[in-house]
Amino acid sequence: MASTYPQERIAIIQYAVGGTGLAQGVGYGNWHPDFNEGAGLNQYDHALKTLRNAFADRDIDGDGAPDTL
């Protein structure tokens, strides 16, 4: 990606939960935004929270200067 977009700064935000399904009724929890069965483990909402937390961090590389995504 860096060679394709040399003028851009790229951040990869990782979020994964093993065994989760992409549709209702499969796997442990799933990614459907309206999922609320069982324990209601909606991985979509958890992933959005992870993204919001990443974008809220102002010093990504810890050098004391603000960074932006």
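Gln-43, Ala-47 and Ala-54 are buried in helix 1. Seen down the axis of helix 1, these buried residues fall within an arc of 40 degrees, so they line one face of the helix. Lys-49, Arg-52 and Ala-56 are exposed on the other side of helix 1. The model is a predicted one. Helix 1 contains 14 residues. Its span from first C-alpha to last is 20 Å, close to the 20 Å expected at 1.5 Å a residue.

The overall content of the model can be stated briefly. The protein has one helix and zero strands. Of its 69 residues, 14% are buried. The accessible surface amounts to about 5,400 Å². Carbon and sulfur atoms contribute 53% of that surface. Among contacts with a separation of 6 or more, 21% join residues 24 or more positions apart.

Gln-43 belongs to helix 1. Its relative accessibility is 4%, so Gln-43 counts as buried, the limit being under 20%. Residues up to four places away in sequence are set aside in the list of its neighbours. With that exclusion, Gln-43 touches Tyr-15, Val-17, Thr-20, Asn-30 and Trp-31.

The C-alpha atoms of Ile-13 and Ala-47 are separated by 9.7 Å. Along the chain, the two residues are 34 residues apart. Ile-13 has a relative accessible area of 31% and is therefore partly exposed, a class that lies between the 20% and 50% limits.

The salt-bridge count comes to one. The partners are Asp-67 and Arg-9, with the closest N and O atoms 3.8 Å apart. Asp-67 lies in the segment after helix 1 and Arg-9 in the segment before helix 1, so the pair ties together parts that are 58 residues apart in sequence. The cut-off for such a pair is 4 Å, so the 3.8 Å separation meets it. The two partners fall into opposite accessibility classes. Asp-67 is buried, with a relative accessible area of 7%. Arg-9 is exposed, with a relative accessible area of 68%.

Leaving out residues up to four places away in sequence, Asp-67 touches Arg-9, Asp-57, Arg-58, Asp-59, Ile-60 and Asp-61.

Thr-68 is at 62% relative accessibility and so counts as exposed, the threshold being over 50%. Asp-67, by contrast, is buried. The C-alpha atoms of Thr-68 and Ala-11 are 9.7 Å apart in space. In sequence, Thr-68 and Ala-11 are 57 residues apart.

Definitions and conventions. Residues are numbered from 1 along each chain as its sequence is written. This is a predicted model: local features need pLDDT of at least 70, side-chain atom pairs count only at pLDDT 80 or more; totals for chains, interfaces and linings use all residues. Side-chain values use heavy atoms; hydrogens and water are left out. Buried means under 20% relative accessible area, exposed over 50%, partly exposed in between (1.4 Å probe, protein chains only). Helices (H or I, at least four residues) and strands (E, at least two) are DSSP runs, numbered from the N terminus. Contact means heavy atoms within 4.5 Å. Accessible areas come from the Shrake-Rupley method with a 1.4 Å probe; for residues, only the protein chains shown count as cover. A salt bridge is a side-chain nitrogen of Lys or Arg within 4 Å of a carboxyl oxygen of Asp or Glu. The expected span of a helix is 1.5 Å times one less than its number of residues. The arc is that of the directions from the helix axis to the C-beta atoms.
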